[in-house]
Amino acid sequence: MSELLLEARHVTRRFPTNDGRELVACNDVNLKLYRGKTLGLVGESGCGKSTFMRFLVWLDTPTEGEIIYKGRDITKLKGRELHEMRQHIHMVFQDPATSFNPKMKIRDIVCEPLLNYGRIRRSEKNARARELLQMVELPGEFADRYPHNMSGGQRQRVAITRALALEPEIIVMDEATSALDVSVQETVIELITKLQREKNITIGFICHNLGFIQSFSHQIAVMYLGNIVEVMPGDKLSEVCCHPYSRALLNAVFDTRMDFSKKIEPIKGEPPSPLDVPAGCPFRDRCDRCMPVCREKRPTLQEIGPGHEVACHLFGRGEDA
Amino acid sequence: MALLDIKNIDVSYGKRATVQGCSIELDQGQICSVVGESGSGKTTVIRAVLGLLPGGGKVTSGDIVYDGKSLLTLNKRQWRALRGHDISMIFQDSGAMMNQTRLIGNSFVEYIRTHEAIPKQDAWKKGAEMLSRMRLPDPDRIMRSYPFQLSGGMRQRVGIAMGMTYRPKLLLADEPTSALDVTTQAQIVRQMMELRDEYGTSIIVVTHDIGVAAYMADKVVVMKDGRIEDQGPREYILNASTNAYTRRLIGAVPSLGGKRYV
């Protein structure tokens, strides 16, 4: 693997609820982002995947734990330092229609970060906007348009442009292609991976479709109820994936090449409320290989292969597992 | 004879024709999926079948024949007897179609009593029974809940239960799983397939998820810009079709162990 760029250590986020209880959205999350690589974070809605990624862009701060980037704990940054650091990590949101100011022209949208950091003068705005749009294969004339004059795919390209304008090292994409049609999704992913190769960007990508995310991730982390249950290399996903929950996610993927006569076996029931996660393994009540030990002890991530960690008693190493 | 025969229809909103020359035939117990990009007119087609075109939409030419009768000449009373009884529809978010300020049970009872003159208590019982038949846990609690108190997957199952109360011959599903998580999606897809096996319901599924469409359907209709681009049995569409658009659409579906971009 290439150089370690960002590391999250024991990150936990608790939200207090109205009735005095506590919701643990992220529980002791440890993840690493490597330079020029993509980390895919997969899980059902409400499992805490967005909560985690939001820490990286200072939209929220963890209750415990630290996120190390450039030798600093970025969760503690303030004022001037925070402003400087923000240049290096950017975000692309799920719905480009609601993440732009509808009254701003595309030109102003993509150049706002540049002006903010004094990288360009106001007079250079027009030329720079065209250049940036060409980078994402959009015609330069789009600079004069408003977000509502564009299709979803085009808007998402603009969102990518805005995130790339300052040439950041890390981009966080929160379901950046979920709102798009499959054919558009394909072209956007081709664009993202092309730009990644050219500029050596690190990407943190959130998605709930394993089939899709494995097509462009170097590392995949599966999250369930705030816990990372498996981290595995992206290229060998279907061979190495072994946590019962990851397998279930994998079996739930509909694919044009699947065997149509095979009956799909969805996992039973729904995820329990994050307000009362069962003791022991969070997945125990939906797992068909649940053992007595799963009810008592929460499994921790254990390395079982190169770049492959899993939190499950089935694969642990005896007592210390 | 086909159960539903959409014969060369044009649908317009105002002056512009949104759907042109659309023909689909569906037999008893068949599942047909309509795929296409957003704005290709796939939802318009199934809404036309149920006479639910929004905002002045109209079928301007062609005919829709259900069970030997044309649907385009029905009056209000006839529609009322047909909708929700012979032909049902499931929407993308079944919770949103219900009144948010009323209990699910009350909506359900109202629905049952539109089609059947029975006392409220019996209608309530019938509703709860339907929910348990759709394998929803604790049906009484669900009847006493508001739509926003249930998860997306549960709401969708309530929607299916409502739609299936009178064992319709034809079920129209408009993006039934698009708003759900993959695991819940698998549950709903399986449940819809079982409806066909148990009750012989014919289903039209509109979806942009080609994986789901391919898994469920006997036949697939590909739409583009308001026209039918390609249609045929699933195996033909997936493997044999020579239509360039179909090929491109299928090629774009991410596949496990398929194309990798990095």
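In chain B, residues 24 or more positions apart account for 64% of the contacts with a separation of 6 or more. Two residues are in contact if their C-beta atoms, placed from the backbone, lie within 7 Å. The model is predicted: local features need pLDDT of at least 70, side-chain atom pairs count only at pLDDT 80 or more, and totals for chains, interfaces and linings use all residues. Residues are numbered from 1 along each chain as its sequence is written, while chains are lettered from A and ligands numbered from 1 in the order in which they are written.

Chain B holds ten helices and ten strands. These are DSSP runs, numbered from the N terminus: helices are H or I with at least four residues, strands are E with at least two. The radius of gyration of chain B is 19 Å, close to the 18 Å that the globule rule gives for 262 residues, so chain B is as compact as a globular protein of that length. That radius is taken over C-alpha atoms, and the rule is 2.2 Å times the number of residues to the power 0.38. The C-alpha trace of chain B spans about 55 × 50 × 35 Å along its principal axes. Of its 262 residues, 45% count as buried. Buried means that 20 or more other C-beta atoms lie within 10 Å of the residue's own; exposed means 12 or fewer, and partly exposed is in between, with C-beta atoms placed from the backbone.

B:Val19 sits in strand S2 (residues 16-26) of chain B. It is buried, with 27 other C-beta atoms within 10 Å. Leaving out residues up to four places away in sequence, B:Val19 touches B:Ile9, B:Asp10, B:Val11, B:Gly41, B:Thr44, B:Val45 and B:Gly226.

Helix H1 (residues 42-49) of chain B has seven of its eight residues buried, so it is largely enclosed by the rest of the structure. Those buried residues are B:Lys42, B:Thr43, B:Thr44, B:Val45, B:Ile46, B:Ala48 and B:Val49. B:Gly51 follows H1(B) and has a positive phi, near 65°.

## A hairpin in chain B

Strand S9 (residues 219-224) and strand S10 (residues 227-233) of chain B run antiparallel, joined by six bridges. Strands pair if DSSP finds at least two bridges between them. B:Lys224 stands opposite B:Arg227 in S10(B). S9(B) and S10(B) form a hairpin with two residues between them. In the turn, B:Asp225 has a positive phi of about 45°.

## The open sheet of chain A

In chain A, four strands form an open sheet in the order S2-S1-S4-S5, with antiparallel pairing. Strand S2 (22-34) and strand S5 (72-73) of chain A stand at the edges with a single partner strand each, so one side of each is left without a neighbour in the sheet. Strand S1 (residues 4-16) of chain A pairs with S2(A) over nine bridges. A:Arg13 stands opposite A:Cys26 in S2(A).

Helix H1 (residues 49-56) of chain A packs on this sheet, touching S1, S2 and strand S4 (64-69) of chain A. The direction of H1(A) makes about 60° with that of S2(A). Axes are lines fitted to C-alpha atoms, for helices over the stretch in contact, and angles run from 0 to 180 degrees between N-to-C directions. Eight of the eight residues of H1(A) are buried, including A:Phe52, A:Met53 and A:Phe55. Just after H1(A), A:Trp58 takes a positive phi of about 60°.

## Helix pairs H3 and H4

In chain A, the axes of helix H3 (residues 106-116) and helix H4 (residues 125-135) come within 9 Å and cross at roughly 100°. That makes H3(A) roughly perpendicular to H4(A). Angles of 65 to 115 degrees count as roughly perpendicular, under 35 as roughly parallel, over 145 as roughly antiparallel and the rest as oblique. H3(A) contributes A:Arg107, A:Val110, A:Cys111 and A:Leu114 to the contact. By class, this contact of H3(A) with H4(A) has five nonpolar, one polar and three charged residues. Ala, Val, Leu, Ile, Met, Phe, Trp, Tyr, Cys and Pro count as nonpolar, Asp, Glu, Lys and Arg as charged, and the others, Gly among them, as polar.

In chain B, the axes of helix H3 (residues 104-115) and helix H4 (residues 120-133) come within 9 Å and cross at roughly 110°. The contact of H3(B) with H4(B) divides into five nonpolar, two polar and three charged residues.

## Where the chains meet

The contact takes 35 residues from chain A and 34 residues from chain B. On the side of chain A that touches chain B, helix H6 (182-199), helix H7 (210-213) and helix H9 (244-251) each supply at least two residues. H6(A) gives the most, with seven residues. The residues of this side divide into 14 nonpolar, 13 polar and eight charged.
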